[in-house]
Amino acid sequence: MRRDQTELPSLALCALFAVLAIGVTLLSGGVYRQCTTRAEKAGAGRTALSYLTNQLRRSDRAGAVEVTSFGGGDALRLEQEEGYELLLYCYDGQFRELYAGVDSEAVPADGTALFPMEVMSVRAQSSRIFLALTASDGGTWETSVSLRCGESAL
């Protein structure tokens, strides 16, 4: 009889531990999901800004960078090797790049989609380019790049 009296509290304690362990696991799963979703969204914006910054630095030569309009919004036109240019812009919910000949009749849909992004804002002031990217959920990422060639690059 003594054994039955100690088994019941032990089983109740084990059951309580199991229920608490399952609860903690479910709770942490939701927190993990939220963290990874936020990190993925922020990562896309940071990656796109890093890509833009590196492309600007690659093209930092006199007359090689132009702030323009393409696909219904702001765009960067970067001179590449002779006769070619790289256009960076947002179109149809995507950040895109288009490598084409200078005199080509390219349309915005021809560009390669790189990242999901709604709007790219570009502004040049002196030798500095201000960039802002806006995602479909309203998240915004901003940076500025100072060109070494100064105003002659624009």
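Residues are numbered from 1 along each chain as its sequence is written, and side-chain values use heavy atoms, with hydrogens and water left out. Because the model is predicted, local features need pLDDT of at least 70 and side-chain atom pairs count only at pLDDT 80 or more, whereas totals for chains, interfaces and linings use all residues.

The protein contains one helix and eight strands, taken as DSSP runs numbered from the N terminus (helices H or I, at least four residues; strands E, at least two), and these elements follow the order α-β-β-β-β-β-β-β-β from the N terminus on. The radius of gyration, taken over C-alpha atoms, is 27 Å, well over the 15 Å that the globule rule gives for 154 residues (2.2 Å times the number of residues to the power 0.38), so the protein is more spread out than a compact globule. The C-alpha trace spans about 95 × 30 × 25 Å along its principal axes. Buried residues (under 20% relative accessible area, 1.4 Å probe, protein chains only) make up 31% of the 154 residues.

An open sheet of three strands has the order β6-β7-β8 with antiparallel pairing, two strands being paired if DSSP finds at least two bridges between them. Strands β6 (119-125) and β8 (140-146) stand at the edges with a single partner strand each, so one side of each is left without a neighbour in the sheet. Strand β7 (residues 128-134) is joined to the antiparallel β8 by seven bridges, and A132 has E142 in β8 as its bridge partner.

Technical notes:
Buried < 20%, exposed > 50% of the residue type's maximum accessible area, 1.4 Å probe, protein only.
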